Amino acid sequence: MKKLTLLITILLIFGCGYKIAGLTNNNGLNYKYHIASIVNNADEANYRSMLDRQAAIFFTRYSALAKKKEADYRLHFRLDSVTTSASINSRTNQAVRSDLSARLHILVLDKNSNNVFDKTFSRTNSFTISNNISENRRNRNEAFRDTISDILLDFKNEFEK
């Protein structure tokens, strides 16, 4: 009987919408976002799809991705540039590492289309260069994804402080 009473009490509490502190965790993202647009001004076309995927993964990880009507804010991304610069080994005259730098402009509009945030973020990550072209491409793409994740984390920390 005690177990049944306890079960009914728990169902009643959670069924009414009460939440016990510590059971929910949104990792600091207080808002719901909709990714409204992504513009790629970088040289490579596949950066747009990688940015789209990385942004979706980032905001989904924090349970902050929403459909347009359910979102608190609409995000507009513009990838201004992605550049790489290699470091040359002086003994072998071969590139062994490269830095990938990205500039991402983020515009945030509220439900009434008011501009509430407008900033360009820049970040750089390094990746290893080898003799294998496929591996170099994978390493570069991973560096791009890491760079975008770092920028989105910078945005999250600045926008939601």
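Start by selecting Ser 113: at 44% relative accessibility, Ser 113 counts as partly exposed (buried is under 20% relative accessible area, exposed over 50%, partly exposed in between, with a 1.4 Å probe and protein chains only). You'll find Ser 113 in the loop between strand S3 (94-110) and strand S4 (115-128). Its phi is near 65 degrees, a positive value in a residue other than glycine. Most residues other than glycine have a negative phi.

Before moving on, a word on the model. It is a predicted one, where local features need pLDDT of at least 70 and side-chain atom pairs count only at pLDDT 80 or more, while totals for chains, interfaces and linings use all residues. Residues are numbered from 1 along each chain as its sequence is written, and side-chain values use heavy atoms, leaving out hydrogens and water.

Now hop to Ser 63, in the loop between helix H2 (46-61) and S2. Here too phi is positive in a residue other than glycine, near 55 degrees.

Zoom out and colour by secondary structure. The chain has three helices and four strands, in the order α-β-α-β-β-β-α along the sequence. Helices (H or I, at least four residues) and strands (E, at least two) are DSSP runs, numbered from the N terminus. Of the 161 residues, 32% count as buried.

Next, show the rings. How many aromatic pairs does the structure hold? There are 14, with rings of Phe, Tyr and Trp (its six-membered ring) pairing if their centres lie within 6.5 Å; planes under 30 degrees apart are stacked, over 60 edge-to-face and the rest tilted. Pick Tyr 73 and Phe 159, an edge-to-face pair at 5.1 Å centre to centre with 90 degrees between the planes. Tyr 73 lies in strand S2 (residues 73-89) and Phe 159 in helix H3 (residues 133-159), so the pair ties together parts 86 residues apart in sequence. Both residues are buried. Ring pairs join them to a cluster that also includes Tyr 31, Tyr 33, Phe 58 and Tyr 62.

Stay on Tyr 62: the charged end of Lys 156 sits over its ring, 5.6 Å from the centre (NZ of Lys or CZ of Arg within 6 Å of the ring centre and within 35 degrees of the ring normal).

Last stop: select H2 and H3. Residues meeting there include Met 50 and Phe 58 in H2, and Phe 144 and Lys 156 in H3, where contact means heavy atoms within 4.5 Å.
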